[in-house]
Amino acid sequence: MAYPSQLGFQDAASPVMEELLHFHDHALMIVFLISTLVLYIIVAMVTTKLTNKFLLDSQEIEIIWTVLPAIILILIALPSLRILYLMDEVNDPHLTIKAVGHQWYWSYEYTDYEDLAFDSYMIPTQDLTPGQFRLLEADHRMVIPVESPIRVLVSAEDVLHSWTVPSLGVKMDAVPGRLNQTAFITSRPGVFYGQCSEICGANHSFMPIVVEAVPLEQFENWSSLMLEDA
């Protein structure tokens, strides 16, 4: 999860998020190089009194500063489009979960099971136990098996919401009357936190998302207990 004064992204917990981090570093390096070159040219133009007559009217330089930016844009666009298509792929999901946004909590339905559904409310500050995070903990976590393709169907009951877990590289709008889908694979066990990323009303910042990735055997035990309680 994020920590105070953090400047970069959260640690990746899915293959897609790893690709996004690599693309971020790739694009940022290009921006740094361009910024350094522009800064050098500005400093050189301000500090020197020399004038090169061949630079004032040069067909070759005009070709270079037209073609080079086009090449740079291609080097940024191609990896971006690749990741965009990867994020839209849903390959044979092992589990499908429907996440529905409400004012102001989330409800989850495990559609592969007959009666496995629950609401997920934020734990009030006064009820937190030592080690729990304020505004991020939920009374019921969305438990999933690790290293398994998970499909999440996202919708809303009242207003626009957004189901977002940064460390998994997942962000999908929840629109009333519309069913959007996203997919991800967790590459390691852990607890991953997110929040609604759409301004959905007065308690917008009080509907956290908690995804817990566990080994398959633990997930089966958890689902059995949930079905017995239901």
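V38 sits in helix α1. The structure is a predicted model. V38 is partly exposed, its relative accessible area being 40%, and belongs to a nonpolar surface patch. A search of the whole structure gives three salt bridges.

Helix α1
- Helix α1 covers residues 15-47, 33 residues in all, and reaches 48 Å from first to last C-alpha, close to the 48 Å expected at 1.5 Å a residue.
- Its buried residues are M17, F23, A27 and I30, and α3 (59-88) is included in what covers them.
- The nonpolar patch consists of I34, L37, V38, Y40, I41, I42, M45 and V46, with about 830 Å² of accessible area together.

- E19 pairs with R82 in a salt bridge, with 2.9 Å between the closest N and O atoms.
- This pair links distant parts of the chain, 63 residues apart, with E19 in helix α1 and R82 in helix α3.
- E19 is partly exposed at 25% relative accessible area, and R82 is partly exposed at 46%.

Network around R141
- Salt bridges link E137, R141 and E212 in a network.
- From N to O, R141 and E137 are 3.5 Å apart, while R141 and E212 are 3.4 Å apart.
- R141 lies in the loop between β3 (117-120) and β4 (142-145) and E212 in strand β10 (residues 208-214), so their bridge ties together parts 71 residues apart in sequence.
- E137 is buried, at 2% relative accessibility, whereas R141 is partly exposed at 25% and E212 is partly exposed at 23%.

Annotated domain
- An unreviewed UniProt entry places "domain: Cytochrome oxidase subunit II copper A binding" at residues 92-225.
- Over residues 92-225 the chain is 43% strand and 7% helix, and the end C-alpha atoms are 26 Å apart.

Methods:
Residues numbered from 1 in each chain as written. Predicted model: local features only at pLDDT ≥ 70, side-chain atom pairs only at ≥ 80, totals over all residues. Heavy atoms only, no water. UniProt positions renumbered as here; feature names shortened; annotations may be inferred. Helix = DSSP H or I, 4+ residues; strand = E, 2+ residues; numbered from the N terminus. Expected span 1.5 Å × (residues − 1). Buried < 20%, exposed > 50% of the residue type's maximum accessible area, 1.4 Å probe, protein only. Contact = heavy atoms within 4.5 Å. Patch = residues over 30% accessible without salt bridge, like charges linked within 9 Å, V, L, I, M, F, W, Y side chains within 5 Å. Areas by Shrake-Rupley, 256 points an atom, 1.4 Å probe, with all protein chains shown as cover. Salt bridge = Lys/Arg side-chain N within 4 Å of Asp/Glu carboxyl O.
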